[in-house]
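Morning, everyone. I'll walk you through one structure today. Here it comes.

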Amino acid sequence: MSKQLLMFRFQFLMFNSQFSPFGKWGKGDLRIALKYAISLLCVFILFIGCAPTWNGKVVYLDDGKLVIKPESTEKIKSGQKVLIYRQKTITHPITGEELGMIKDNIAEVPVVWVREKSVTAFAEDPWFDMMAVDDNAKAVRRSVKPSSGSVIEIGKVMDVDTKNRTVKIAIDQGKIPSSTENLVVIKYSDIIIDPDTEKPIALKVEPVATIKKIDSSLFSYEPVNTISWVEIDDIVVKRDGDMIKESIWFQDAPDNFSETSLFRRNYLKAIRYYNSQLYKEAIVELNIVIQSDPKYEDTAYLMGMSYAKLNRDEEAIKFLNDYISQNKSDVKALIILAYIYQKQGKLAESADIYEKLVDLMPKESQLWVDLGDIYQKIGDKNKAENAYKKALEIDPNNEEAKFEFQRNIKQ
Amino acid sequence: MKNLKDNKACRILNNGYWMVDIGYLNISRIVYLIFFIQITFIFSVQCLAEDGKPYLESGIKAYDKDADFDKTITEIKKAIQIGLKDKSDQIQAHLYLGFAYIAKGKRVDAIVEFAKAINLDPDTSLDPKIYSNKIISVFNETKQSLVDSLTVVSTPGGADVFLDGKKVGITPIKISGVLVGEHSLTVVKDYYQSKSLTVQVYKAEENRVEVQLDKAEIEILLDSIPTGSNVYIDNNPLGKTPLSLKISLDKELNVKLSKEEYLDKELKIRLLPNGVNIGTDKFFAVKDNVAEVIAELSPAPAPGSLRVITSPSDAIVYLDGVEVGKTPLTMPKITPGSREIRVSIPNFDSLTKRISIISDKETVIEFLLGGIINFTSVPANVQVYLDGKYIGLTPLKSDRLPVGSHQIRFAKDKYKDKNMTVILERGQEMDVSVRLIPQKGSLSVSSDPPDAEVYLDGKLIGKTPLVIYGVLIGKYSLKITKSGYEDYNTAIEIAENDLSWHFVRLVKR
């Protein structure tokens, strides 16, 4: 096996001169070649003796970084080099019989961060582009300068004032930083799933804003780019060393990590947009949530409300009905749907919803009065009279019900 | 009345004149000539002698007993010459003279004498049982040559006809045995003007007279007990009783008598065949086209007083059609009886009532003009605009309003306006009750964490998550509190038929 490997390495060096520490191969310079061969041999022998070996799989690629799931992280160190290769099965073109395997080496990449569940390596173009998820990784006896620096979570964003661009931060006990420099608000922008267990193993982390202290808990913030924003519950971290300049990084996913944490920010942002009457913007955020989880909290309701505010009744009705089919006793959604139907003149549909509402809010005599009014508009006097009667049963002092009930009797 | 007519007829006869035409030489005209001369002669003899009756008696005796016809002629001629007082004697004289002439064979002379007798009385006749056929034949021949018939027709009919002062019958009439010649004819009918005319009766001709009678005006001497009351004809003052009125058939006079302290009396004076009628059973006789009518007035009872009140006041009051003032109005002296009161406010309403005024009592009459509208609403305190003018807040009772159509608008902040048109009838107290539909939305508040208290305009309305159905539109302050968290305050606006939804993340202190 070692002979095969040697041959391969030699071939590799022959054809990939840029990997040579000596530059381009000198033509006919046998002495130098020999000298090189000897030194190579020495290094090889040295490697066999002390280099740790481990295997893994590429599970994620982004921004020149690849996340590798190792079989075990015991022997992995930052600065170690990893060979990324692809294994192909050769099959008989006619019979389909497996004839053997071919290993296709892609690149050697240095490990930058070692986590408990995953390893992050750095790759440059064009090698990065050649890589893919599911490629194999194998530690090789080489190392570069290990990266240093850390990211420490120090608290959470409690409140955001987008107008003044300030945030309130709840700092975890005992984590008060010595200085407030290099504090950033981060978000989890993606989730990395273990292909074997189908459980999250790592999270992609992105800074969304840099913050500067104003007083004990109030900070000013500056988004890192035009599309990022600070959201309530976002995590505040302090970076140091090499981590200061990173635009993304990866960290282990907690065992109980939920996928919803990724789009909850969008949901919360949508609510903020809604409260600021920016309904179109709210819909954009809610669409992100819905694509991830159509049933997430009351997203469909919020969608419906936003469309209702934009007078896009048909879309509003669709989303509200979706929501109500999942949340049959949600009165607020029923109420707005009833209002929309009324606005559209669909009195029968509106009355149907009121019939549900009166069951859900049995003490609300006003609902019966309004239901009676709708039946009167429809022209169903008996149902109208009955509705007013019900209103009076609930609240004998309801003047409107009294008035209508007596008028109905007179007629 | 009959005497009057006779007298009148006589008067007319006396005023007439006698005309003799001698232009024709037939027997009747000769007889006429002789008759005329004889009359003149008789008048002259009467002046000389006192009475010729003894000669007449002597003549008759000579004829009847002695058959001495010459003596008869002589004696009777003497008697006629001297003159006979009685007409019957004169007729007898001529008849006997005629008999004597017949006996003497003087037929023409006999005819002359018979004609004289018939002229004196056209009804003169001889009994055929007493007188010989010859006498009868000559007499009848004479008579036939002297008379013809006259037909009198009047419009209207039924009038008394007097021929030469003597009543001959009632129109239409054919009078036979009228002497040929000129006659005076008088047609008389009650309440018509009598008509006198001279008619010429011709022998062997159709003598027909048609008389058109004109209605006569009857004078009514109207008096009253007591006298001196005011007389009005068709409500036009005429004077004071006694006074004279004229009336003709088929006319009616509406007369009102009024005198202070007496009740007014209304008379309908009509002229009827049996007298003048004044609207009662009593008839007043007409004499000489004059009727005396006396109406008795009943003393008026003591006056009563009248008080007229209207709501609204300032209405014009009309008493029996006469404007008497504006309400409130007290009239101290009103003659008792049934009166018509009308009150009117132009462009508002007008009302008429008939009332009885009672002596020494005050009659109070109250008119409620127009109508009233009672406005009630759910909810209360709704602004009411009547015909575009704000009149107050419900519940509200309007002032009296003109009858007819009214525009009503109900308005209240945060409620939908209600417009309606009502038609108010006289005396109606209309209830207009409306329900204003509130402009409502709903409120939903959720918080993270939940179970926070929600205050709307400072009033606790519940804990999150919260849905309040039916909140009146408008701006509110919303406050959400939870211990350990900072209060959340915001201004919200509830829009009509809209759900105001709020999701609040509470910030820990």
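**Start at one leucine**

Look at L337(A). Skipping its neighbours within four places in sequence, L337(A) is in contact with I317(A), L320(A), I324(A) and I353(A). Contact means that the C-beta atoms, placed from the backbone, lie within 7 Å.

Some ground rules. This is a predicted model, where local features need pLDDT of at least 70, side-chain atom pairs count only at pLDDT 80 or more, and totals for chains, interfaces and linings use all residues. Residues are numbered from 1 along each chain as its sequence is written, while chains are lettered from A and ligands numbered from 1 in the order in which they are written.

Now the core. The largest nonpolar core has 114 residues, and L337(A) is listed with V185(A), I335(A) and I336(A) as having the most contacts inside it. Such a core is a set of buried Ala, Val, Leu, Ile, Met, Phe, Trp, Tyr and Cys residues joined through C-beta atoms within 7 Å. Buried means 20 or more other C-beta atoms within 10 Å of a residue's own; exposed means 12 or fewer; in between is partly exposed.

D134(A) has a positive phi, near 85 degrees, and is not a glycine. D134(A) is exposed, with 11 other C-beta atoms within 10 Å. Over in chain B, D387(B) also has a positive phi, about 50 degrees. D387(B) is exposed too, with 12 other C-beta atoms within 10 Å.

Last, cis bonds. One runs from T327(B) to P328(B), with omega near -5 degrees. Another joins T394(B) and P395(B), with omega about -5 degrees. Most peptide bonds are trans.

Note on methods: Contact = placed C-beta atoms within 7 Å.
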